Amino acid sequence: MATNAPASRKTHIVRIFGVDRQGNIIPDMYADVERMDVVKQAMQIPPDRQWQGTQRTFHWCDDPNSDDYAPDGTPSRIIEIVKVCDPTTTTNFEDPDEYIPIKSVKGIRTRVEGQEINGGTGMDRFLASVTNEELTTARVVQVRQIVHHDTSIDAAAAAAAANGQKEYVVDPANYEKDLSTRDDTQHIDQEIILYLKHKGNVAALAGLARQTKLLNQYLIDESDPPSGDVTGPAGYNPPYRFDFLQSIINIKFSSGPDQQWLLAITNGTGTISGLNIASDVDVLAADGARWTAYAGASGLGFTVIAGAVAYGKATLNDGTTMNCFLACDANMRSAKLGTLSNGKISWQAAWSVPTGGDHPEDVFISSISYAKDRFFITFLDQNAVMNIVSTRDGKSFSVPQAPLPSRGSGTGPLGGGVAYVETDAVHQTGVFAVIGYELQDDTETEDHLAFSAGFCWATSNNGTSWSGGKIEGVFEQPGGGGGYVGNLNLTSQSFIAAGNGVFVAAASKRNEVFEQVGVFDDEGNLIGTRDAPYILTSAAVAVSTNGTSWSLVPLPGAIFIQSNVDGDVGGTTTGVRFIQDKSYRDQRGNTGYFVACGYEGAAQGFENAKLWKSVDGRSWSLIRSETHHIPSPAGGNYVGLSAIDKVISKVSVL
């Protein structure tokens, strides 16, 4: 719907984008503000109290595409910047790290046509400051809550922000809210002015109190009752207060991702496919080399595709924060820090995998992740041991640690990213977890043929000191078993996810089947047959609430078929992600869900690529299944997942 301003006023809408401390634009953080251009008013003039009508025209000069644009405000006004912040994440409302700067008017120099008052001009001054408590005696207000909606101008405004514009102006006739996209997790409380109390500043009116009624009922009708849960240091801002000429009508904060899209990486065709969970439509494609790992992350108005990538908030030494990316390119050996600068992502070297040993060519980064308040890099060192380093500022990294236990023989374990679950909301404490798989070769004895992979886990309360354990004989590695061993470098980037109070990890279920094999005597003569057991895997996930005790959950529709004619059909889960989807909300208030990907293969080359969905990590539904006919069982399937934002204004490939 468009705004319903009264016929007595003409307005425009300006989208004002958020900024950080350095003044960089944050495209996915904004306020839509309705501003008055023309106002008609009627007043009774003493001494005979006759009615007189006037019309006032205001020039905002806030359109970057107009010749009269004045980014710092017009010289005819006295302004004050109100810093609008996310009430759910901001701790210092007077000096926030990120905010939406809205120019609130303290005074206006006006030109009076047809009369000689003060030389043809006058100055309307508001009492003291728009952020001063004196205004509470000069106004009658009603506090209302403004929530987020998608609008008809989102795509055009995003393009303007990408070009460096701090504001985007539109006529109200071209502005529509999509009411089906309501998101009350993003909101602010705001004072709506009903009456203004003021005094005249000419001789005939000196000392006479007046009261002006504003026709703002439509703003109240189109907003919600206030939450009142957060207030500024003096009891206001929030709730935010402005001059009587403007009001916020829509709000969005970048701290809440809107990940309604999946980036699913296929390892055989060398392509990247974007999947819309709601409509099952492929929407994004980019070429990539075979066996080259890709991942995606969204933030700052960008979606970055890289060898491995995470988006998060770095905390600098002075306590300030900075939204940024940490990523590596396709060589998977060095990480770069990406920050917003002049409307672009600027990259600088951050960290490299330590080299040396007998096989320095084998070192690589297996995953980059962000959990709670820091970035983690998981890598395989020159001794084939998985290590983790972490950083809070994106520049200083911890000493490498090897948290996952190992038998000390063979290769592994290979670990994935780090996830975090909050266990105590009051004290804001929780547990970090990482999982990996200890790679083993197929083992064959007289009575048993089985693919064996140890499921390894490690947890930490602070993200730096780790302890771990191992579970054998229950889980198979993602991408392994049944003859379909995938590229774990691809899979490891989405080994583990956390959300709604649980960890969910990619895994496979061990299914014991039997195959008739010959029995021979000492001279090599066939004397009979026997049933020999072996393992065929099917898609599953591992679930835990604490990162140490894990249970296996088979996925619906996952199959394993022993066939002596066409070959065995086995399956595996290759990745799992938690999707923070703002359009989704269940009865318990959860605003996200898990998505797992996997595939099933057969000897003839037919394969099924599948996606599953779950809110709690334990009850799953199959939401997508595709059949491929490709030359290799290792190709053409989803081998990794990334959660990326619904609105993608720019895609950058590192």
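Author: The backbone nitrogen of His-149 is 2.9 Å from a polar atom in the side chain of Asn-250. The model is a predicted one, and that distance is computed from it. Is Asn-250 buried or exposed? Its relative accessibility is 0%, so Asn-250 counts as buried. The cut-off for that word is under 20%.

The same cut-off can be applied to a residue in a helix. Helix H1 spans residues 154-162, and Ala-162 is part of it. Ala-162 has a relative accessibility of 18%, and therefore it counts as buried too. Which residue lies 136 positions from Ala-162 in sequence, with a C-alpha to C-alpha distance of 9.5 Å? That residue is Ile-26.

Rolling a probe the size of a water molecule over the atoms shows where empty space is left. Searching the whole structure gives 11 cavities of 30 Å³ or more. The second largest cavity has a volume of about 100 Å³. Its lining includes Arg-35, Trp-60, Cys-61 and Asp-62, along with Ala-70, Gly-73 and Thr-74. Arg-77, Ile-79, Lys-103, Val-105 and Glu-167 also line this cavity. Which elements give two or more residues to that lining? They are strand E4 (77-84) and strand E5 (98-111). Sorted by class, the lining of the second largest cavity holds 5 nonpolar, 2 polar and 5 charged residues.

Three strands form an open sheet in the order E21-E22-E23, and their pairing is antiparallel. Strand E21 (364-371) and strand E23 (386-391) are at the edges; each has a single partner strand, so one side of each has no neighbour in the sheet. From one strand to the next, the twist averages 20°. How many bridges join strand E22 to E23? There are 6, and E22, made up of residues 374-380, runs antiparallel to E23. Within this pairing, Phe-376 has Ser-390 in E23 as its bridge partner.

Conventions: Residues are numbered from 1 along each chain as its sequence is written. This is a predicted model: local features need pLDDT of at least 70, side-chain atom pairs count only at pLDDT 80 or more; totals for chains, interfaces and linings use all residues. Side-chain values use heavy atoms; hydrogens and water are left out. Helices (H or I, at least four residues) and strands (E, at least two) are DSSP runs, numbered from the N terminus. Buried means under 20% relative accessible area, exposed over 50%, partly exposed in between (1.4 Å probe, protein chains only). On a 1 Å grid over the protein atoms alone, a cavity is a set of points where a 1.4 Å probe fits but cannot get out, and a pocket is an open set with protein on both sides within 12 Å along at least five of seven lines; lining residues have an atom within 4 Å of a point. Grid points are joined across faces, edges and corners, and a volume is the space filled by probe spheres set on the points. Ala, Val, Leu, Ile, Met, Phe, Trp, Tyr, Cys and Pro count as nonpolar, Asp, Glu, Lys and Arg as charged, and the others, Gly among them, as polar. Two strands pair if DSSP finds at least two bridges between them. Axes are lines fitted to C-alpha atoms, for helices over the stretch in contact, and angles run from 0 to 180 degrees between N-to-C directions. A polar contact is a pair of N or O atoms within 3.5 Å; within protein, one must be able to donate a hydrogen and the other to accept it, and residues adjacent in sequence count only if both atoms are side-chain atoms.
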